[in-house]
Amino acid sequence: IHSRPHSLHREERLQGDQSMQAQMLAPAAVLVVWTLVMMFWMASVRLPALKKAGITMDRPGARGQDLEGVVAPSVNWPAHNYSHLMEQPTIFYPTVVILAIMGPGALDVTLAWAYVALRIIHSIWQSTVNKVPVRFLLFMLSSLTLVALALRAAAATLLADPSALPA
């Protein structure tokens, strides 16, 4: 009878590592897709508002910020959120990649999904209701989640055992 060593065979271990890497990267991929959803949401709200207000897009150098005070505030809310998705998540993406490379744990994956869920809820809230106290709470919760992920990524790299890394 062939006895199996306590540790997984190298191939099985590598497959497990790739699976966990994919689980760690999936929340980032979902947030990328969500950001694109917000881009289309922004356009679907802004373009009809521009037409209704008689604003053309042929003015050289015109920017979205020029619409503040010109169109209804709610027209700009999806654009504000889209801008926010170009800010803090830029820290999330490399953090997720660092953890995926270093070998994420279940907590890392859970934190990444929590961050993405909070950002999506924040987007929907800001683009529809936009009451600041709730929006701020969602922002703080997502920020604290990102802090936890960033600290785990820093620890994973600073405390890495070089002998455990593949040659």
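Q: How are helix 3 and helix 5 set relative to each other: parallel, perpendicular or oblique?
A: This is a predicted model. In it, helix 3 (residues 89–102) and helix 5 (residues 132–158) pack at an angle of about 40 degrees, so they are oblique to each other. Their axes are 9 Å apart, and the crossing is left-handed.

Q: And which residues of helix 3 make the contact?
A: Ile91, Phe92, Thr95, Ile98, Leu99 and Met102 do. On the helix 5 side, the partners include Leu146, Leu149 and Arg152. Taken together, the contact residues are ten nonpolar, two polar and one charged.

Q: What about helix 4 and helix 5, at what angle do they pack?
A: At about 155 degrees, with the axes 9 Å apart. That angle makes helix 4 roughly antiparallel to helix 5. This crossing is left-handed.

Q: New topic: how many residues does the largest nonpolar core have?
A: It has 22 residues, and Met24, Leu31, Trp34, Phe92, Val96, Ala112 and Leu149 have the most contacts inside it. Helices 1, 2, 3, 4 and 5 each supply at least two residues of this core.

Q: What does alanine 112 touch, leaving aside its neighbours within four places in sequence?
A: Alanine 112 is in contact with Met24, Pro27, Phe92, Val96 and Leu149.

Terms used. Residues numbered from 1 in each chain as written. Predicted model: local features only at pLDDT ≥ 70, side-chain atom pairs only at ≥ 80, totals over all residues. Heavy atoms only, no water. Axes fitted to C-alpha atoms, helices over the stretch in contact; angles between N-to-C directions. Helix = DSSP H or I, 4+ residues; strand = E, 2+ residues; numbered from the N terminus. Parallel < 35°, antiparallel > 145°, perpendicular 65-115°, else oblique. Left-handed = near helix turned anticlockwise from the far one by under 90°. Contact = heavy atoms within 4.5 Å. Nonpolar A, V, L, I, M, F, W, Y, C, P; charged D, E, K, R; others polar. Core = buried A, V, L, I, M, F, W, Y, C linked by side-chain atoms within 4.5 Å. Buried < 20%, exposed > 50% of the residue type's maximum accessible area, 1.4 Å probe, protein only.
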